[in-house]
Amino acid sequence: MHCGSAQGGAKVSKATFKSNLAAAQAHFVEKITAGMLAAQEEYARDMKVTLSQEPHGRYYRNAGTPFWYEVEGPGPGVHRASAPGEPPAEFSGFLRDSIDSGVVSVTSTRYEGAVSTKAPYAALLEFGGVNSERHNVEPRPAWLPTLLFNRKKYLEAIQRRVGR
């Protein structure tokens, strides 16, 4: 610091400004990342609950094979499918069990994360379409309804980590 004289003999201090911008940015990126990861992990947990619900669709024997057929009700070797519009019924558990969340990329201005599954048929179940056997599959939405139903909870998870 340099001290000098101003008019009238008063001493004036000159200080050097040191920017803390990089440290502040790093702090906020860390807080935002922690908040977003907390929300994503909550979403992944909620998806696993959604995909564990009891289905209300038809009953099938030999489900998952080319020899499946509809039957009247529950019994040994019988699978109950979800009804169109319901979340997908559990068959092997792979869709539910492979759900994961993580950071895709983070910069000082953007956070990109994902909650995903390794099940290649997830999009077909969510949006509907034609499967590999050329059967029409009605939508069994789970991802978007779970996100919309719980969005306030996810926002609160972010706010707890970031601070209001």
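At 17% relative accessibility, Arg-96 counts as buried, where buried means under 20% relative accessible area, exposed over 50%, and partly exposed in between, with a 1.4 Å probe and protein chains only. Arg-96 meets Asp-97 in a salt bridge between their side chains, 2.9 Å from N to O. By salt bridge I mean a side-chain nitrogen of Lys or Arg within 4 Å of a carboxyl oxygen of Asp or Glu.

Before going on, a word on the source. This is a predicted model, in which local features need pLDDT of at least 70 and side-chain atom pairs count only at pLDDT 80 or more, while totals for chains, interfaces and linings use all residues. Residues are numbered from 1 along each chain as its sequence is written, and side-chain values use heavy atoms, with hydrogens and water left out.

How many salt bridges does a search of the whole structure find? The search gives seven. As a general point, side chains of opposite charge can pair when their charged atoms come close.

Next, helix α1, residues 21-50. Helices here are DSSP runs of H or I with at least four residues, strands are runs of E with at least two, and both are numbered from the N terminus. Glu-42 forms a salt bridge with Arg-45, and their closest N and O atoms are 2.7 Å apart. The two residues sit three apart in helix α1, so about one helical turn separates them. Is Glu-42 buried or exposed? Glu-42 is buried, at a relative accessible area of 19%, whereas Arg-45 is partly exposed at 46%.

Another salt bridge joins the side chains of Lys-153 and Asp-46, at 2.8 Å from N to O. This pair links distant parts of the chain, with Lys-153 in helix α5 (residues 151-162) and Asp-46 in helix α1, 107 residues apart. Lys-153 is partly exposed, with 30% relative accessible area; Asp-46 is buried, with 12%. Through salt bridges that share partners, Glu-42, Arg-45, Asp-46 and Lys-153 are joined into one network.

Last, Val-106. This residue lies in strand β6, residues 100-106, and is partly exposed, with a relative accessible area of 34%. Which residues does Val-106 touch, not counting residues up to four places away in sequence? They are Val-29, Thr-33 and Tyr-111, where contact means heavy atoms within 4.5 Å. From Val-106 to Val-49 the separation is 57 residues in sequence and 29 Å in space, C-alpha to C-alpha.
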